[in-house]
Amino acid sequence: MTNRSPVLVGVSVAVLLASFASLHAQAPAVPAKGSVAKPSAPAKPFTMPKTPWGDPDISGVWTSDAAIGIPMQRPDTFGGRAELNDEEFAAKLTRDAQTRTRAENAIGSFRNDNAWLVKSFRQTSLIVDPPDGKMPAVTPEAEKRRATRDQGTFGGGPFDKAEDFTLYDRCITRGIVGSVLPVVYGNGNRIIQAPGQVIVSYEMVHDTRVIYTDGRSHVGKNIRHFLGDSRGHWEGNTLVVETTNFTDKTSIGLNGNGLRHSEDMVMTERLTRVGPDEIRYEITVNDPKTYTKPFTISLPLMSPPGYQLLPYECLEGDYAVPNALSAERAEDRALEEDAKKGIVRARRPVTQDNVNAPVTARPNGGE
C-alpha cells in the first residue's frame with residue numbers, strides 16, 4: 001500500500017479542464033490593423049533519448065494512473081467509437097479532476113493514490129482490438145474450468161486449501177497484465193535497462209521480470225513461470241516483447257483476478273516512448289484455448305515529476321488466508337448442524353470485497 005505526496009506533478013487536470021473550456025469558448029485573436037500576425041512557434045518534436053549503448057531509452061518510474069476511469073471493455077453507449085467526442089471528453093476532464101481532488105484529500109491509507117492522474121485521454125476502452133472494444137468470447141473449454149475461486153477473496157469459494165486462493169491473495173503475483181492495469185493503489189512500474197536486458201519491477205506484490213534483448217531463444221517448453229519467459233527486440237523505437245512458457249495459474253483481469261488463461265498463451269507487448277513523460281503500452285493476448293480470438297489492450301504509462309515506487313510489504317501480519325479457511329470449516333459445521341434440524345440453506349460466503357462492498361453502520365461508531 002502506498003501513501004504518496006504528489007510534488008510538482010505538472011499541469012493538473014483542473015488546469016487542463018479550464019484550458020479546454022477556454023479554447024472552445026474564445027475566438028482566435030485578430031491582429032491590429034496594419035500589423036502582421038506572427039505565426040506561433042511549432043512545438044518542438046520529441047527526440048527519443050538513447051542509452052549509452054544505443055538502445056531507445058524507456059527507463060524510469062511510470063504509473064498507469066492516467067488510465068483510471070477508462071473501462072476495460074467499450075460501453076455500448078459509444079456505438080463502437082474508439083475515442084470520446086469533445087462533449088464527452090470535457091465531462092471526463094471534470095471526472096478526472098474530481099478523482100484527483102478526492103485522492104489528494106483522502107484520509108487514511110489510500111491518501112494520494114490515484115492523485116497522479118495528471119493527463120486525460122480520449123480512449124473509450126482499454127481494449128482497442130477487436131475494433132468494437134469488446135473482449136472476445138471464451139471457448140467452451142475455458143467455460144468448463146471457470147470457477148468462483150478465480151476471483152479469490154473477491155469470490156465465493158469454496159476454499160478447502162491454500163491453493164484455492166489466487167496467487168494475488170497469497171502475495172505471489174498478479175500476473176503481467178494484472179500488475180499493470182490501474183487499480184485503487186500501487187500502480188507503479190520501474191523500468192531499468194542494461195545491455196541486452198530490460199528489467200521491469202511492479203510496485204504491488206513486488207514482482208520483477210527480466211526481458212532479454214540479446215537474441216537468446218526461449219527456455220525449454222517444459223519450464224513454466226508465473227510471469228512466463230520473455231524475449232524482446234527493438235523495432236525502431238518500440239520494444240517488442242514475446243512471452244511464452246506461462247502456467248495456468250494467472251489471469252488477465254484487474255489484480256490478476258478472473259478466468260485463468262491456459263499454459264499455451266502467448267503475450268506480445270509493445271512499449272513505445274512517445275514523449276518525455278509518456279509511454280504507450282500495448283498488450284496482445286493470444287490464447288486459443290481460452291479466447292476465441294486474440295485481443296489487444298492499450299494504455300498510457302506516465303512519469304510525473306516526483307513519482308516513485310514505495311515498498312509493498314505483502315503478507316506482513318496478514319492472516320486472511322488462514323482466517324478464510326477456518327471460517328469455511330466453521331461454515332461446514334454450521335451447515336451440518338442446520339441440516340440435522342431440517343434447515344436447507346445456501347452456503348454463506350466467508351469473504352467480501354473490503355474496498356467496494358457496503359459496510360453496515362455501527363451505532364456510536366462501535367467496533
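This is a predicted model: local features need pLDDT of at least 70, side-chain atom pairs count only at pLDDT 80 or more; totals for chains, interfaces and linings use all residues.
Helix H2 comprises 20 residues, 86-105. At 1.5 Å a residue, a helix of this length should span 28 Å, and the end C-alpha atoms of H2 are 29 Å apart, which agrees. At the N-terminal end, H2 is capped by Asn85, a side-chain oxygen of which lies 3.2 Å from the backbone nitrogen of Glu87.

The buried residues of H2 are Phe89, Lys92, Leu93, Asp96, Ala97, Thr99, Arg100 and Ala103. These residues lie on the same side of H2, because the arc they cover around the axis is only 160°. An α-helix has 3.6 residues a turn, so residues three or four places apart point the same way. Exposed residues are found on the other side of H2, namely Glu87, Arg102 and Asn105.

Glu141 is located in helix H3, which is formed by residues 140-144. Its relative accessible area is 44%, and Glu141 is therefore partly exposed. Along the chain, Glu141 and Thr290 are 149 residues apart, while their C-alpha atoms are separated by 7.0 Å.

The volume of the second largest pocket is about 430 Å³. This pocket is lined by 25 residues, of which Met72, Leu181, Ile252, Gly253 and Leu254 are the closest to its centre. By class, the lining of the second largest pocket consists of 17 nonpolar, seven polar and one charged residues.

Technical notes
Residues are numbered from 1 along each chain as its sequence is written. Side-chain values use heavy atoms; hydrogens and water are left out. Helices (H or I, at least four residues) and strands (E, at least two) are DSSP runs, numbered from the N terminus. The expected span of a helix is 1.5 Å times one less than its number of residues. Buried means under 20% relative accessible area, exposed over 50%, partly exposed in between (1.4 Å probe, protein chains only). The arc is that of the directions from the helix axis to the C-beta atoms. A polar contact is a pair of N or O atoms within 3.5 Å; within protein, one must be able to donate a hydrogen and the other to accept it, and residues adjacent in sequence count only if both atoms are side-chain atoms. On a 1 Å grid over the protein atoms alone, a cavity is a set of points where a 1.4 Å probe fits but cannot get out, and a pocket is an open set with protein on both sides within 12 Å along at least five of seven lines; lining residues have an atom within 4 Å of a point. Grid points are joined across faces, edges and corners, and a volume is the space filled by probe spheres set on the points. Ala, Val, Leu, Ile, Met, Phe, Trp, Tyr, Cys and Pro count as nonpolar, Asp, Glu, Lys and Arg as charged, and the others, Gly among them, as polar.
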